[in-house]
2 protein chains.
Amino acid sequence: MNFSTSEENYIKAIFHLQQEEDTATTNGLAAVLKARPASITDMLKKLKSKKLVHYQPYRGFRLTSEGKKVALSIIRRHRLWEYFLSEKLKFAWDEVHDVAEDLEHVSSKKLIDKLDEFLGYPRFDPHGDPIPDSQGRIEKHQQVSLSEIPLNKTAIVCHVGDQTSALLELMKHKNIGIGTKLEVKKRFAFDQSIEVKIRQQIPFNISELLAKKIFVKYGV
Amino acid sequence: MNFSTSEENYIKAIFHLQQEEDTATTNGLAAVLKARPASITDMLKKLKSKKLVHYQPYRGFRLTSEGKKVALSIIRRHRLWEYFLSEKLKFAWDEVHDVAEDLEHVSSKKLIDKLDEFLGYPRFDPHGDPIPDSQGRIEKHQQVSLSEIPLNKTAIVCHVGDQTSALLELMKHKNIGIGTKLEVKKRFAFDQSIEVKIRQQIPFNISELLAKKIFVKYGV
DNA sequence: TTATTAATTTAGGTTTGTCTAAATATATTT
DNA sequence: AAATATATTTAGACAAACCTAAATTAATAA
Ligand SMILES: [Mn+2]
Ligand SMILES: [Mn+2]
Ligand SMILES: [Mn+2]
Ligand SMILES: [Mn+2]
C-alpha cells in the first residue's frame, strides 16, 4: 500500500499521541497537526475505511495493527534521514527535523534499506530516539530523566525531550550531547536544580527544567 | 519562491523539451508528462501568471529566464540525488531515476548544498549528464555519438542517450560504462555496425542502434 | 437530573490538479 | 481559397485536502 503525504502525517501523529494516551482525540490531533477539528474528522473517516484506525464517532481513535506497521515505517524513514543529515551532512541537531519531515515521504523501500546499510544500521537518531528496523521492530530503552537518577552513578545521555534550538544552545554551552557520560553529585531542594560532573571537569549547575529534558541510562 | 511538485515537474519537462526545439507545444508536453492537453493548458496559465513561461495561446511556450533558473535548480537536485544513489548507495544505473524523481522535490537549499559538498562536488550524474552548480551554471560538453567519431582515436564514454534497463543490460554485457576508454576500429557499411576495442581486449561488434546511444569525448 | 459547556461531527465551500467532451483556432490539402 | 485535419483551448466535473459555521453529542456542573 502507498499513502499520501497527508495520510502519512496523520498516521505518524496518531502513533505519537498514542504513546502518551492509549486513545487519541480529534482536538488533540488537530493541535499537533495545526489543522481544524473538522479536517481531522474527514481524514479519520478515510483512514478508517482503509482499516488503519479503529474509530467510533465521538469516541476517539487508535491505530489498527496495520496502522501501527505503517507508522513505524514512516518513523524509520524519518529517523534514518535525521541520522544521515546529522552524521553525513553535518547538520546541527535542531536543523534535521524539518528536512526529515519532507524526506520521510519518499517511500521507496529499497532506498531506505540501502540508506540504512550505508549508515551502518544506526540504532538511534540524533535526538536519541530509537530507529525501527526494516521489520518495524523498535527498541524501547528504559530511560530516566536526569532529575530522577541516584547520586554519584555514572550515566550516559541517550535522549533529549524536545528538539528546539533553545535546548540545543543550552546543551551545547554546557557541553552535553547524546553519549556524554556524567554523574549527578547533588540535588538542591530549594529549586530542584542539580550539580552535574562530566569526567574530571569541575561540576556545574543545571536547572530543574533542563534536567527533566535530558534522559540517560545508567547502571547495569 | 517555492513550487508544488506538479509545477516543478512541468517546469523541468518544459526545460528538457526546449533543449530539442526552441519552443515547446501543448501536445508535446502532454506526451512527456502523460497528461491530457487540457491539463497542460490549465497549468500553463498558472505558470504564465507566475512569470515562469512566455505563453501565447495556440502559439506554444518557452521558459522565462526566471523559469530557466528554477528548472536548473530542480535538475541540480535530481542529478545530485542520482549521483548519491549510484555512488553511495550502490544503486544500479537504471534504478536511480525514479527515486530521484521524488527526492528532487525536497527543496531545502541547505540540504542540496551540503549534499553537493558531501559528494565532493561531482560534475556529472551517473548517466553522464552535467550537474548544475549552486548558481545554476551548467557545463555543456560537446559530446559526439560513437557512430560519428573518426576511426582509431581514443575516446571516453561520457554520456548515454537513454536510461532504460535494456540499454544498461547490454552495456554491462559489453563492459562499457561512463568513463570507459575505447576506440572505433572499423565501420561496416552494410548495417552501420561498428567494431570497437577497449584497451588490449579483443575488438567486438556494436549495432548502429547502440552506437547512437553511446556518447563520447575524444581528441584535444 | 436538568442545564450548561466543551468536544466532535456535518453541511457546504475553496483550491489544486486532474479529466472528458465540445468548441475554436491553426495548419495542410485539394 | 475552400475544405479538411490537427492542435489547442474552454466548459464543466471530480477527488483530495483543507476550511468556516452550524448542528449535534457527550461531559460536567448546578
Ligand atoms: Mn524529527
Ligand atoms: Mn528525531
Ligand atoms: Mn534522471
Ligand atoms: Mn540522469
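Chain A of this predicted model contains eight helices and eight strands, where helices (H or I, at least four residues) and strands (E, at least two) are DSSP runs numbered from the N terminus. Along the principal axes, its C-alpha atoms fill a box of roughly 60 × 40 × 30 Å. Of the 220 residues in chain A, 43% are buried, a word that stands for under 20% relative accessible area, with exposed meaning over 50% and partly exposed in between (1.4 Å probe, protein chains only). If you look at contacts (heavy atoms within 4.5 Å) between residues at least 6 apart in sequence, 61% of those in chain A join residues at least 24 apart.

Residues are numbered from 1 along each chain as its sequence is written, while chains are lettered from A and ligands numbered from 1 in the order in which they are written. Local features need pLDDT of at least 70 and side-chain atom pairs count only at pLDDT 80 or more, whereas totals for chains, interfaces and linings use all residues; side-chain values use heavy atoms, leaving out hydrogens and water.

Now for the surface. Chain A exposes about 12100 Å², and carbon and sulfur atoms supply 51% of that area, computed by the Shrake-Rupley method with a 1.4 Å probe; for residues, only the protein chains shown count as cover. Chain A carries 35 positive and 29 negative side chains, and the centres of the two sets lie 4 Å apart. Here Lys and Arg count as positive and Asp and Glu as negative, with His and the chain ends not counted; each charge is placed at NZ of Lys, CZ of Arg, CG of Asp or CD of Glu.

How do the two chains relate? Chain A is superposed on chain B by a rotation of 180° with 0.0 Å of shift along its axis, at an RMSD of 0.1 Å. This is the relation of a two-fold axis. In chain A, the C-alpha nearest the axis belongs to A:Leu103, 3.6 Å from it. Both copies use the same surface, as 100% of the contact residues of chain A recur in chain B.

Donors are N, O and S atoms within 2.8 Å of the metal (3.2 Å for Na, K and Ca), and sites may look incomplete because water is not among the atoms. B:His78 and B:Glu82 sit four residues apart, about one turn, in helix H4 (residues 65-87) of chain B. Both are buried, B:His78 with a relative accessible area of 6% and B:Glu82 at 1%.

B:Glu82 also bridges to the manganese ion (ligand 4), with the two ions 3.5 Å apart. The protein donors of ligand 4 are B:Glu82 (OE), B:Asp125 (OD) and B:His127 (ND1), lying 2.1 to 2.3 Å from it. B:Glu82 is in helix H4 and B:His127 in the loop between helix H6 (109-119) and strand E3 (144-145) of chain B, so the pair ties together parts 45 residues apart in sequence.

In chain A, the manganese ion (ligand 2) is coordinated by A:Glu82 (OE), A:Asp125 (OD) and A:His127 (ND1) at 2.1 to 2.3 Å. A:Glu82 bridges ligand 2 and the manganese ion (ligand 1), which lie 3.6 Å apart.

Key
Copies are superposed by least squares on the C-alpha atoms of residues with pLDDT of at least 70 in both.
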